[in-house]
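I opened this notebook to record what I looked up, one spot at a time. The structure I worked from comes first, and my entries follow it.

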Amino acid sequence: MKGILYPDPVLKAFFNDDLTEISLADIDIEEYLSNYGVGSILLSTLIDIAKNRKINSISGWISNVDIDHIERLVHFYKKHNFEVILDDNNKDSLKIGNLIWQRK
């Protein structure tokens with residue numbers, strides 16, 4: 001919308017101390033940019049970085065703030081070869097699932 005500023009899409013990830021693993025913290029994309037492939041570009045780039053650095057895994061977790069679009073989120077991560085493990089017993093917790101990508 002004209003005159004309204006939105007933050008740029010951002011992927012937040014961190015290397016562990018010995019640079020052998022990556023922790024995915026967040027992918028933040030405004031709703032109006034959803035379903036245009038922006039998230040896929042960001043996540044594919046992170047996976048490429050992992051492969052180029054010979055890193056064998058990327059891990060992360062799904063937050064309860066994402067519960068309203070959980071099906072779309074699960075589909076997104078599985079499309080990028082992440083294992084998604086949801087914890088149905090943790091609906092009241094901040095963390096409701098785990099994400100794991102393993103180098104093939």
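**Entry 1: a histidine in a loop**

I began with His-80, which I found to be buried because its relative accessible area is 10%, under the 20% cut-off. I kept in mind that I was reading a predicted model. Looking for its place in the chain, I found His-80 in the loop between α2 (70-79) and β4 (82-86). Which side chain makes a polar contact with the side chain of His-80? I noted that of Ser-40, at 3.0 Å. Leaving aside neighbours within four places in sequence, I listed Ser-40, Leu-43, Ser-44, Ile-47 and Trp-101 as the residues in contact with His-80.

I then followed Leu-99, which, not counting residues up to four places away in sequence, touches a list of residues including Leu-24, Ile-58, Ile-62, Tyr-77, Phe-82 and Val-84.

**Entry 2: a pair of charges**

Side chains of opposite charge can pair when their charged atoms come close. I looked for salt bridges and the count came to one. Arg-72 forms this salt bridge with Glu-31, and the closest N and O atoms are 3.7 Å apart. I noted that the pair links distant parts of the chain, since Arg-72 is in helix α2 while Glu-31 is in the loop between β2 (22-28) and α1 (38-52), 41 residues apart. Are the two partners buried or exposed? Arg-72 counts as partly exposed at 36% relative accessibility, whereas Glu-31 is exposed, with a relative accessible area of 56%.

**Entry 3: a nonpolar patch on the surface**

Lastly I looked at the surface, where Ile-4, Tyr-6 and Tyr-32 form a nonpolar patch with about 280 Å² of accessible area together. Ile-4 lies in the segment before β1 (10-15), and I recorded it as partly exposed at 40% relative accessibility. Tyr-32 is found in the loop between β2 and α1 and counts as partly exposed at 46% relative accessibility. I also noted that the C-alpha atoms of Tyr-32 and Arg-103, which are 71 residues apart along the chain, are separated by 32 Å.

Conventions. Residues numbered from 1 in each chain as written. Predicted model: local features only at pLDDT ≥ 70, side-chain atom pairs only at ≥ 80, totals over all residues. Heavy atoms only, no water. Helix = DSSP H or I, 4+ residues; strand = E, 2+ residues; numbered from the N terminus. Buried < 20%, exposed > 50% of the residue type's maximum accessible area, 1.4 Å probe, protein only. Polar contact = N/O pair within 3.5 Å; in protein donor to acceptor, adjacent residues only side chain to side chain. Contact = heavy atoms within 4.5 Å. Patch = residues over 30% accessible without salt bridge, like charges linked within 9 Å, V, L, I, M, F, W, Y side chains within 5 Å. Areas by Shrake-Rupley, 256 points an atom, 1.4 Å probe, with all protein chains shown as cover. Salt bridge = Lys/Arg side-chain N within 4 Å of Asp/Glu carboxyl O.
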